[in-house]
Amino acid sequence: MRAIILAAGRGQRLKQPQDRQIPKCLLRFGGRSLLERHLRLLAQLGVEQVVLALGYRSDLIEAELARLDLRRRPQIVLNPAFELGSVLTVHTAAAALLGGGEVLLMDADVLYHARVLRALVAGEQPANRLLMDRDFEAGEEPVKICLRAGVPVELRKRLDPQLSYDAIGESVGFFRFDERGARRLAQLVAGYVERGASDMPHEEAIRDLIREGSQSFEIADVTGAPWIEIDFPADVLRAEREVLPELEPL
């Protein structure tokens, strides 16, 4: 199993001071960067093959990697057009999707309890798996997972009012794909790039994979596990005050 961590974006909505802008994965909580937390939690669960998909200020991230005492250094792939959508960043890491075996695809800007990641990697059999939190704030910002009879039927921020579903939750932004699912996702992502749609979020390609019905998906319910995606200044405060105190020590 390998992990692809998406850490290419500028994070403009965080509104950092112009002279102190850093990639969001370098935000520090409890003395550790988000990146360090990702890597240490993955290693604890036996996932040591990691690909970092970088773009904005990749030099700062490489400096953080040099600082960390890691048994195995992640592979780095660069998306020079990181200002476009994250689907292009996933495309730059296509070799990791096509390299065989299971793949985790993870947003870098998430602070989370270890049991969130345990829910993603648990089990001996290969799987396509989505993480879902049923306790979320309404609005257009959360990426929502909708289920019908336990089967995912939608993955989007904005839902069609006519959509029929019997369960809904927020996507954590972490996904697991078996070998066949990862290869098909790479094909779908390549299709976006080839038709000039590189400005799309990568969740759109995952949505296509879900809705085409070529793969079966498991749902891991992580409701109650502390986690937060950090997009806005208020998220940093919530991460420090509400999520960090609930986390296990690394």
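**From surface to single residue**

Tutor: Gladly! This is a predicted model. The protein chain has an accessible surface of about 11,700 Å², and 47% of that belongs to carbon and sulfur atoms. Buried residues account for 53% of its 250 residues.

Student: What makes the protein chain as compact as a globular protein of that length?

Tutor: Start with the elements: the protein chain holds 8 helices and 13 strands. Its radius of gyration is 17 Å, close to the 18 Å that the globule rule gives for 250 residues, so the chain is as compact as a globular protein of that length. Along the principal axes, the C-alpha trace spans about 45 × 40 × 35 Å.

Student: Now to one residue. Why is Thr92 called partly exposed?

Tutor: Buried means under 20% relative accessible area and exposed means over 50%. Thr92 has 27% relative accessibility, so it counts as partly exposed. You will find Thr92 in helix 3, which covers residues 86–92.

Student: How do you know that the side chain of Thr92 reaches the backbone oxygen of Thr89?

Tutor: By the distance: the Thr92 side chain comes to 2.5 Å from that oxygen, and the cut-off for a polar contact is 3.5 Å.

Student: Which residues is Thr92 in contact with, leaving aside its neighbours within four places in sequence?

Tutor: Those are Ala53, Val77, Leu78 and Asn79, where contact means heavy atoms within 4.5 Å. As for Gly30, its C-alpha is 32 Å from that of Thr92, and the two are 62 residues apart in sequence.

Definitions and conventions. Residues numbered from 1 in each chain as written. Predicted model: local features only at pLDDT ≥ 70, side-chain atom pairs only at ≥ 80, totals over all residues. Heavy atoms only, no water. Helix = DSSP H or I, 4+ residues; strand = E, 2+ residues; numbered from the N terminus. Buried < 20%, exposed > 50% of the residue type's maximum accessible area, 1.4 Å probe, protein only. Polar contact = N/O pair within 3.5 Å; in protein donor to acceptor, adjacent residues only side chain to side chain. Rg over C-alpha atoms; globule rule 2.2 N^0.38 Å. Areas by Shrake-Rupley, 256 points an atom, 1.4 Å probe, with all protein chains shown as cover.
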